[in-house]
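Work through the following exercises with the sequence and the model open beside you, and try each task before you read its solution.

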Amino acid sequence: MAARPDLFADIDSMEPDRFARHLAEDVSFRFGNADTVHGRDATRDVWASFCAGIDGVRHELVDQWESGDAVIAEAFVTYTRKDASTVTLPVVTIYRSSGELIDDYRIFMDVAPLFAPATESSSTT
C-alpha cells in the first residue's frame, strides 16, 4: 500500500464523500476511543457528524511510514471550534489496504481537549 497523497486534503475539506472515496465498502473505522464502525456509509456518516460539531480541520503531516499493507502517519491536527478558537492535537493515523481502497482506518488521539471549554492555551483565528 502506498501512501495516499490526497487523503488528508480530502479529510480537511470536511466533505464526507471526499473522505469516503478512499474507503473500501467493508472498511473498519475507529476514531480515538470510540467503538469501531463498519462500512463506508457508516464511516462517512460518523465523519459527517463529527464535522457538524466543528468549523474546520487542518492536518500538518510530520512524517509517515509504510510497513507492508499499512501506512502510519504522524500529524498535528488543528481543529477550529464553533466559537472560532482553535486547538492543535498530536495524532497518529494507521490505515491498511489489501487493494485499491482502505480496509482499516484507525485514528489515535485524545479528542477530549477539542471538546473542553476554550482556555487561554487555545488560540483564536
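**Exercise 1: Ser85**

Ser85 counts as buried because its relative accessibility is 5%, where buried means under 20% relative accessible area, exposed over 50% and partly exposed in between, with a 1.4 Å probe and protein chains only. The model is predicted, so that local features need pLDDT of at least 70 and side-chain atom pairs pLDDT 80 or more, while totals for chains, interfaces and linings use all residues. Residues are numbered from 1 along each chain as its sequence is written, and side-chain values use heavy atoms, leaving out hydrogens and water.

Task: find which side chain is joined to that of Ser85 by a polar contact.

Solution: Begin with the place of Ser85, which is found in strand β5 (residues 85–96); a strand here is a DSSP run of E with at least two residues, numbered from the N terminus. Next, look for a pair of N or O atoms within 3.5 Å, one able to donate a hydrogen and the other to accept it, residues adjacent in sequence counting only if both atoms are side-chain atoms. The partner is Asp83, whose side chain is joined to that of Ser85 by a polar contact of 2.6 Å.

**Exercise 2: Tyr79**

Task: list the residues that Tyr79 touches, not counting residues up to four places away in sequence.

Solution: Take contact as heavy atoms within 4.5 Å. Tyr79 then touches Phe31, Phe50, Ile54, Gly56, Val57, Ser85, Thr86, Val87, Leu89, Met109 and Leu114.

Key: Helices (H or I, at least four residues) and strands (E, at least two) are DSSP runs, numbered from the N terminus.
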